[in-house]
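Dear colleague,

I am passing on the structure that follows, together with my notes on what was found in it. Please read the notes alongside the coordinates and tell me where anything needs another look.

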Amino acid sequence: MGHHRHQHDPKTGDAQLFWAVVANLSLTVIEIVGGLLSGSLALIADAVHNFFDAVSLIIAYFARKIAHRPADENMTFGYGRAEVVAALVNYLSLIFVGFYLIYEAGTRFLNPSNVDGWIVVAVAGVALVVDILTAFLTFSLSKHSMNIRAAFLHNLADALGSIAVILVGTLILLFDWRLIDPFVTLLIASYILWISFSEIGSAIRILMLARPDGLDVDAVLGEILTIDGVASAHHLHLWQMQEHEAALDSHIVIEAERWNDADTIKQAVKARLQSACGITHTTLELECSQHACKNPITIGHARDASADKVAPDTKHDLPA
């Protein structure tokens, strides 16, 4: 059930990201030229995807820089979610690329064109080497960062796309199958969309303050209630501050005759949540049993309908 934060050097991987960007931009130019000379839509599709790879890596790089800024008066929770936002942007760009390629492939099915298989194979071979290199540069970082993982998946999809493009060129050379070019483009697009939709949910969950993966609310409540002196807990909120930091706030009702031990009980709850659940950011509001909230809800908080009403003496009258 633990949800533990990983510590990493903020400067680690900046050089890898830089060279991955350079490689992807160079490859984009090579593939566009090769695609125009050969007439291959699959090669141009791979070039477009490579360009978005470079953009995704640039976004990932600057998001890393922003994320490690300390909290300030404007961002009191810090800037950690910059990487989550970057991941969301990169997944959305992948989805855009996927649908664009489907549109282009459909157009090519209706109007097939000649394709130079030799140029396709040669350029795609170079692309495969570069794609593998850039994926390697971001692989280790992707294990610990949703932001870098999105960029890594861009490169992984490109590597598979390059293999597919090599297959296209080979089949055109051997059998003159011109329709294989848009067909493989559809396969590349389908894979891109599948990866994007399967990964984007994690970024959305964090931005929507959802329960962290791996933590069960009932189990967390159970850990709180095991502490001696805790009568009950309510108004509980459990969310992710950022990708690797879970947070919790809750009202804790202290048992009758135990109010003098309130501080000790509070520290015991925090220690248990950290050791058993990996929750390091905990805010607890203590209530004595005689003055606890009336009819509380366990998860979240009830909205006060009276807040929507404007008291007679607080109406905003315009000056005469």
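**Charges and rings**

The charged end of R69 sits over the ring of Y79, at 5.6 Å from the ring centre, where a charge counts as sitting over a ring if NZ of Lys or CZ of Arg is within 6 Å of the ring centre and within 35 degrees of the ring normal. Before going further, please note that this is a predicted model, in which local features need pLDDT of at least 70 and side-chain atom pairs count only at pLDDT 80 or more, whereas totals for chains, interfaces and linings use all residues. Residues are numbered from 1 along each chain as its sequence is written, and side-chain values use heavy atoms, with hydrogens and water left out.

The count of aromatic pairs comes to two, a pair being two rings of Phe, Tyr or Trp (for Trp the six-membered ring) whose centres lie within 6.5 Å, with planes under 30 degrees apart called stacked, over 60 edge-to-face and the rest tilted. The rings of Y61 and F62 have centres 5.3 Å apart and planes at 85°, so this pair is edge-to-face. Y61 is partly exposed, with a relative accessible area of 25%; here buried means under 20% relative accessible area, exposed over 50% and partly exposed in between, computed with a 1.4 Å probe on protein chains only. In the pair of Y191 and W194, the ring centres are 6.1 Å apart and the planes stand at 35°, so the pair is tilted. Y191 and W194 are three residues apart in helix α6 (residues 180–207), which means that about one helical turn separates them. Y191 is partly exposed at 25% relative accessibility, while W194, at 57%, counts as exposed.

**Overall layout**

The chain has eight helices and three strands, these being DSSP runs numbered from the N terminus (H or I of at least four residues for helices, E of at least two for strands). Along the sequence, the elements follow the pattern α-α-α-α-α-α-α-β-β-α-β. Of the 320 residues of the chain, 45% count as buried.

**Helix packing**

For the helix pairs, axes are lines fitted to C-alpha atoms over the stretch in contact, and angles run from 0 to 180 degrees between N-to-C directions. Angles under 35 degrees count as roughly parallel, over 145 as roughly antiparallel, 65 to 115 as roughly perpendicular and the rest as oblique. The axes of helix α3 (residues 82–110) and α6 come within 8 Å and cross at roughly 160°, and α3 and α6 are therefore roughly antiparallel to each other. The crossing of α3 past α6 is left-handed, a term that applies if the near helix is turned anticlockwise from the far one by less than a right angle, with clockwise giving right-handed.

Helix α1 (residues 14–38) and helix α4 (residues 117–142) pack at an angle of about 165° with their axes 10 Å apart, so α1 and α4 are roughly antiparallel to each other, and α1 passes α4 in a left-handed crossing. The axes of α7 and α8 come within 9 Å and cross at roughly 140°; α7 and α8 are therefore oblique to each other, and the crossing of α7 past α8 is right-handed.

**Salt bridges**

The structure holds four salt bridges, each defined as a side-chain nitrogen of Lys or Arg within 4 Å of a carboxyl oxygen of Asp or Glu. One of them joins R272 and E223, whose closest N and O atoms are 3.4 Å apart. That pair links distant parts of the chain, with R272 in helix α8 (residues 262–277) and E223 in helix α7 (residues 217–225), 49 residues apart. R272 is partly exposed, at a relative accessible area of 30%.

Another salt bridge runs from D228 to R258, with the closest N and O atoms 3.4 Å apart. D228 lies in the loop between α7 and β1 (230–242) and R258 in the loop between β2 (245–254) and α8, so the pair ties together parts that are 30 residues apart in sequence. D228 counts as exposed at 57% relative accessibility. R258 also forms a salt bridge with D261, the closest N and O atoms being 2.9 Å apart, and D261 is partly exposed at 31% relative accessible area. Through shared partners, salt bridges join D228, R258 and D261 into one network.

Best regards
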